[in-house]
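Please look over the chain shown here. A short report on its fold follows.

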Amino acid sequence: MKTMRMVLLSLLAMTTLFACSKAEPISEQEAMDVALKDAGVNANEVNFNKQAFDKDDNEYTFEFQSDTMSYEYDIHAGNGKIISKESKQRKQTNTDVNSSATMQSISEEQWTYVQLAADHFSIAKADIQNVRVENDSDHGVATYDIKFYVGTKEFQCEIEKDSKRIIESEIDQD
């Protein structure tokens with residue numbers, strides 16, 4: 001009887017300890033506050049382009065921009081720590097993709113990936129404007145982050161370099 005009581009008390013203590021040690025995940029607003037604080041900006045100074053939660057990775061993703069900077073943050077939903085972040089100076093340009101300067105700045109290899117993105121969205125390459133291709137990494141896998149416009153719509157595609165697999169795609173109305 002004493003042994004049974006000791007086992008039950010031990011189980012009760014372990015259950016209580018486990019329940020108290022398990023932290024609740026942070027809210028989307030708390031994750032957003034972490035990103036904004038790290039970027040050194042207030043919510044009223046930026047426009048959010050993307051707010052998402054990835055259940056598989058248990059992380060919030062935020063993309064936002066100020067007048068001069070663009071920011072991308074991945075915040076762990078369990079502990080509120082920054083998983084990855086990226087900030088870039090925004091370029092203010094109205095350059096058309098068909099200008100020779102823009103064409104020269106994108107390599108032939110990169111144009112192959114732009115064509116893959118255009119095909120994914122069923123868009124003719126000739127209709128694409130203001131192309132931006134950046135080397136990136138998604139969880140250690142080399143990717144190209146491709147953004148371009150057709151009219152007032154912004155198209156974005158992240159493509160794995162080795163497999164040419166589209167990891168993520170998005171269309172935003174400007």
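Against which strands do the buried residues of H2 pack? They pack against strand E1 (47-54), strand E2 (59-65) and strand E3 (69-76). The model is predicted, and the confidence scores come next.

## Confidence

The chain averages a pLDDT of 80. Of the residues, 78% score at least 70. Over residues 17-22 the pLDDT is below 50. Beyond near neighbours in sequence, the model gives this stretch 0 contacts.

Residues 92-104 also stay under 50 in pLDDT. For residues 92-104 the model has 17 contacts beyond four places in sequence.

## Helix H2

Helix H2 covers residues 28-39, 12 residues in total. At 1.5 Å a residue, H2 should span 16 Å. The C-alpha atoms at its ends are 17 Å apart, which agrees.

The buried residues of H2 are Ala 31, Met 32, Ala 35, Leu 36 and Ala 39. Viewed down the axis of H2, they fall within an arc of 135 degrees, so they line one face of the helix. Just after H2 comes Gly 40, with a positive phi of about 75 degrees.

## Sheet E1-E2-E3-E4

This is an open sheet of 4 strands. The order is E1-E2-E3-E4, and the pairing is antiparallel. E1 and strand E4 (82-89) are the edge strands, each pairing on one side only. Neighbouring strands of this sheet are turned by 5 degrees against each other on average, direction ignored.

E3 and E4 run antiparallel and are joined by 7 bridges. Glu 72 has Glu 86 in E4 as its bridge partner. H2 lies across E1, E2, E3 and E4. The helix runs at about 50 degrees to E2.

## Sheet E5-E6-E7-E8

Here, too, 4 strands form an open sheet. The order is E5-E6-E7-E8, with antiparallel pairing. Its edge strands are strand E5 (129-138) and strand E8 (166-173), and each pairs on one side only. Neighbouring strands of this sheet are turned by 15 degrees against each other on average, direction ignored.

E5 pairs with strand E6 (residues 141-150) in the antiparallel sense, over 8 bridges. Arg 132 stands opposite Lys 147 in E6.

## Helix H4

Which strands does helix H4 lie across? Helix H4 (residues 108-120) lies across E5, E6, strand E7 (153-160) and E8. H4 runs at about 65 degrees to E6.

Key: Residues numbered from 1 in each chain as written. Predicted model: local features only at pLDDT ≥ 70, side-chain atom pairs only at ≥ 80, totals over all residues. Heavy atoms only, no water. Helix = DSSP H or I, 4+ residues; strand = E, 2+ residues; numbered from the N terminus. Expected span 1.5 Å × (residues − 1). Buried < 20%, exposed > 50% of the residue type's maximum accessible area, 1.4 Å probe, protein only. Arc of directions from axis to C-beta. Contact = heavy atoms within 4.5 Å. pLDDT = per-residue confidence, 0-100. Pairing = 2+ DSSP bridges. Axes fitted to C-alpha atoms, helices over the stretch in contact; angles between N-to-C directions.
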